[in-house]
Amino acid sequence: MSKMMQAAQITHYHQPQPQIMTIPRPTMGPDDVLVKIQAASVNPIDIKTKNGGLRMLLKYDMPLTLGNDFAGEVVAVGAAVQQFQVGDAVYGRPQKNRIGTFAEYIAVAASDLALRPTNLTVAQAAAIPLVGLTSYQALHDVLALQPGQKVLIQAGAGGVGTIAIQIAKQLGAFVATTTSARNFDLVRQLGADQVIDYHTTDFSQVLHHYDAVFDTLGGSSLEQAFKIVKPGGRIVSVSGLPNERFAKAYGLPHWKQVAFRLASRRLTQLEKQTGVDYEFLFMRPSGDQLALLTKMIEAEKLSPIVDKLFPLSEIAAAFNYSHAGKAHGKIIIEMPE
Ligand SMILES: NC(=O)c1ccc[n+]([C@@H]2O[C@H](COP(=O)([O-])OP(=O)(O)OC[C@H]3O[C@@H](n4cnc5c(N)ncnc54)[C@H](OP(=O)(O)O)[C@@H]3O)[C@@H](O)[C@H]2O)c1
């Protein structure tokens, strides 16, 4: 069996597109599992990483294999691994310093993996880890949504939004969401109670006294969100500016804490003016939380939305499609057989 594999790599930031390279397969530590990847999803973070947009938070050596989540099959387990066996069908989101899922193989910590749902295709399973964990952590861990509470989920038709709407409904919330009119049926089927066409309607004019906002847009949309949340309510953003609290908790050096304090001072001012709490979320890998998502999916309480499939050889086209920002649900890369 060849010890080489194909992988989509960059050699420097701002490279126009990743290139398919032939590189050695990864080696495993005692707590790792080697997975033959069958499918991986494209996330906006892949393009941000390629363009060096996350250098304040993440430092990578070059060449770098891109890709942040996957579904595949276990082909080897480290000496200390007990919970997985060769042949297990798994999915996962590796640690941020061990990314590289646009490749035929990955070595990943067993604690970042879960058995994948038996009622999904491998492409559907690959659509879950990053956006599923992000949505669960935003809605359950940070917002702690309670039955009957009202939440706005921005960009309901996107990769995060399509999962977040379903999880918020599971938590018993009333869900408003924004999207284009062509996606109204999709977000309603997922459970959205109130749908706003962001091209024609300003959400901050029509929503009032909300308990929470899950912001996936950042910028002025995030600032507008403070207008609709009750005092004591919460906003979590995955696209807005990290603030000083986040920078400290994330363990960034002092100069970066100061830089984020200055950059996010408008948000801090809005927190003070409105009595609304603002949190930036940088999602974290978790095999345990993925196992919870597997249960929800097998109980048919959550299902992924797949928009388009691309072979690994067409990763540039997949990146262009993602970058256009019009995906409904997830874009999936399929690995060679
Ligand atoms: N911090 C973290 O840990 C973390 C984790 C996951 C994602 N994120 C970030 O979250 C963002 C969303 O990720 P994603 O995977 O959901 O992206 P995505 O799938 O590429 O989002 C595409 C969707 O965004 C919608 N959209 C674009 N502009 C909109 C607007 N102004 N109002 C409402 N909807 C709008 C589009 O709907 P239309 O076609 O109707 O325009 C499309 O459905 C990205 O910036 C990503 O980097 C961060």
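**Figure 1. The span of residues 14-333 in the predicted model**. In the UniProt record, an unreviewed entry, residues 14-333 carry the annotation "domain: Enoyl reductase (ER)".

**Figure 2. The cis peptide bond between Met62 and Pro63**. Most peptide bonds are trans. The bond that joins Met62 and Pro63 is cis, with omega at about -10°. Pro63 belongs to the loop that runs between α1 (44-50) and β4 (64-65).

**Figure 3. Positive phi at Ala144**. Most residues other than glycine have a negative phi. Ala144 has a positive value, near 45°, although this residue is not glycine. The loop between α3 (129-142) and β9 (150-153) contains Ala144. The relative accessible area of Ala144 is 35%. Ala144 is therefore classed as partly exposed, since that class lies between the limits of 20% for buried and 50% for exposed residues.

**Figure 4. Positive phi at Glu300**. Glu300 is a residue other than glycine with a positive phi, near 60°. Its position is in the loop between α11 (287-298) and β15 (306-311). Glu300 counts as exposed because its relative accessibility is 68%, and exposed means over 50%.

Conventions: Residues are numbered from 1 along each chain as its sequence is written. This is a predicted model: local features need pLDDT of at least 70, side-chain atom pairs count only at pLDDT 80 or more; totals for chains, interfaces and linings use all residues. Side-chain values use heavy atoms; hydrogens and water are left out. Helices (H or I, at least four residues) and strands (E, at least two) are DSSP runs, numbered from the N terminus. Buried means under 20% relative accessible area, exposed over 50%, partly exposed in between (1.4 Å probe, protein chains only). UniProt positions are given in the numbering used here, feature names are shortened, and annotations may be inferred rather than shown by experiment.
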